[in-house]
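The following exercises are meant to be worked with the sequence and the coordinates side by side.

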Amino acid sequence: MLLTINNFRKAYNDTPVLTIPLLTLEPGTHWFRGINGSGKSTLMRTVAGMLPFEGEIWLNNQYEINRQPVPYRMRVNYAEAEPLYPDFLSARDIIQFVGKAKQSQPQQITNLTQLFGVDQYWKQPTGTYSSGMLKKVALLMAFLGQPDLILLDEPLTTIDDRATQILFTLIKEHQAKGVSFGLASHQDVGLTELTIDRVFLVENGEIK
Amino acid sequence: MKLLLRTLVQPYYARNAGFLGVIVYLTFGFMRPSDHHALIAAIMGSPFLLALTAGLWAIYTLRATIFVRQLLNEPPQRFLLTARLLPRPLRWGGWLLVATMLLIPVEAYAGWMVQRGIFHQTWIANGLVISIVLGLIAASAGAIDHRIRHPYPAQTIRLPRPNWTIPYPLFYPGFLLRHRPVAFLLTKAVSLGLLIGVCRLYPTDDYDQRLLLIGLMMSIIAYSPICRTFFEFETTWLRLLPNLPFSRFHRLTRYALTYALLWLPELPVLLQNKPQTVSAGYMALLWLTGWGWLLLFHARSYRPDWNPDRWQQQLLFGFLASLVLIMFGFPVWGWLLLGGLGTGWLWFRNSPSPYHS
């Protein structure tokens, strides 16, 4: 089992926003769809280890998010829907920092930055980037290291067609290597060329 | 109007409670009302002292106004930039209210001065004090309106960018220097000024080391907005941090390094100004204690259910309690031990990660 979410409850100011009694995900690519505000990003960010919650989240039946926080986070990567970085830092500063944390090889960073074309501007401060340029930085960082699960929150927003094609190619390459994906999108990912194994509807604080 | 008070004024007082607490303690802790009456009488009778007072008020106004201008560029408050669309009188009414509320400490002391001025019949000085305060309010409101009309400045303070990759311990100092330069430098000035002042109280006589500890406590309380902004910096601009596979110990060492960098200028100042009867080793211990307590403040904020306002109150009450302990002779190594153990306990007591309840 890739991911097991057990007795999960996420609340903001005591108001529950997402409740999952039990959810198990086999290895593969999973699309979480739902309207704005349905809780997709909350789910993604919680599984990525970024938000407090009640319950348990297991990866590969081996790493629990609270009990083995370091190996869990080494294997679960995440790209935000609307990334935001300190405007005086360059993409290189941030990518090198994240790459080191995720134990990424320098060659992997070089390949990914070249693939997305980020190497063209990565020495400039991020305050000068467009939202699409920022998004490409976030997307490439989700592939750093040796993840088992990559979570992409609204991966298709703000990037151009070329970057979309590059992303699809990268996802397919990683799917072939056995990497699993969690995609949160209000857009119809099913209409793209990606292979989707399961589709979940996030609605009214539940996953169906 | 209520919205402006909640989004601009309330955060100012909440985030600067420590700084304001130190100012109030310095102003009223050491001086009795009769001392203030004498001081006010001197100010109202001397153009030089009045100008000096106006200068201090102007620095305070600058600090508060820059805080609000920076707040308006932060993502949560950016919606207020649409105030540009409001009619000018309504907009200015709002900014005048905000400025008036920001300058309450200045207005309160100025009011006391005017009241004493009526008693002493110093009518010209009274008129000047009222004009200065009104001028500062208008200048502050104008500066806020300027930010609304010129949002997203093309550049922050331009500092040379190194060719090498900036390491994590420099992220936050870099943010402070570029985005909070005035607040940071004023905090530094207050902290260093307090330490120098306390060191030089009795430079040659037999020195009561309790005074040094009180100075240290005031100095680190003045630092508390820097600790608070650190947490806010990471939750706003480095949201990816919790996803990174760092152990708790690893995270703590990174914060320790950052605080060591921020607190480093205090070390030579303490050693340079050490009273003759106090050893250099004691001054170094004092610096280490300050570093440990800054980490303790940070560790206290590093939790999922952190309430910044309650945290600030706890610091203030803690500060008052520490004064009592210091007066009873609690030694510096005890404070160092308390800071170190407290940091360790707070850091490791919960779950392995602060992001899980």
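A crossing of two helices is called left-handed if the near helix is turned anticlockwise from the far one by less than a right angle, and right-handed if clockwise. The model used here is a predicted one.

**Exercise 1. Describe how H1(B) and H4(B) pack, and classify their crossing.**

Step 1: Helix H1 of chain B spans residues 2–15 and helix H4 of chain B spans residues 47–72, and the two pack with their axes 10 Å apart at an angle of about 125°.
Step 2: Angles over 145 degrees count as roughly antiparallel and those from 65 to 115 as roughly perpendicular; H1(B) and H4(B) are therefore oblique to each other.
Step 3: The handedness of the crossing of H1(B) and H4(B) is right-handed.
Step 4: On the side of H1(B) the contact is made by B:Leu8, B:Pro11 and B:Tyr12, while H4(B) contributes B:Ala64, B:Phe67, B:Val68 and B:Leu71.
Step 5: Sorted by class, the residues of this contact between H1(B) and H4(B) comprise seven nonpolar, no polar and no charged.

**Exercise 2. Is B:Thr122 buried or exposed, and which residues does it touch?**

Step 1: B:Thr122 is located in the loop that lies between helix H6 (104–120) and helix H7 (123–149) of chain B.
Step 2: A residue counts as buried if 20 or more other C-beta atoms lie within 10 Å of its own; B:Thr122 has 21 such atoms within 10 Å, and is therefore buried.
Step 3: Not counting residues up to four places away in sequence, B:Thr122 touches B:Met44, B:Gly45 and B:Gly117.
Step 4: B:Tyr60, by contrast, is 62 residues from B:Thr122 in sequence and 25 Å from it in space, taken from C-alpha to C-alpha.

**Exercise 3. Characterise the side of chain B that touches chain A.**

Step 1: The contact between the chains involves 25 residues of chain B and 28 residues of chain A.
Step 2: Helix H8 (residues 171–179) of chain B supplies the largest share of chain B's side, four residues.
Step 3: That side of chain B is made up of 14 nonpolar, nine polar and two charged residues.

**Exercise 4. Which residues have the most contacts inside the largest nonpolar core?**

Step 1: The largest nonpolar core has 104 residues, and those with the most contacts inside it are A:Val98, A:Val137, A:Met141, A:Ala142, A:Leu151 and B:Leu294.
Step 2: Helix H14 (residues 280–301) of chain B provides the largest share of this core, ten residues.
Step 3: Leaving aside neighbours within four places in sequence, B:Leu294 is in contact with B:Ile220, B:Tyr223, B:Cys227, B:Tyr259 and B:Trp263.
Step 4: A second, separate core has 28 residues, among them B:Ile40, B:Ile43, B:Val106 and B:Ile144.

Methods:
Residues numbered from 1 in each chain as written. Chains lettered and ligands numbered in written order. Predicted model: local features only at pLDDT ≥ 70, side-chain atom pairs only at ≥ 80, totals over all residues. Axes fitted to C-alpha atoms, helices over the stretch in contact; angles between N-to-C directions. Parallel < 35°, antiparallel > 145°, perpendicular 65-115°, else oblique. Contact = placed C-beta atoms within 7 Å. Nonpolar A, V, L, I, M, F, W, Y, C, P; charged D, E, K, R; others polar. Core = buried A, V, L, I, M, F, W, Y, C linked by C-beta atoms within 7 Å. Buried ≥ 20, exposed ≤ 12 C-beta atoms within 10 Å, placed from the backbone.
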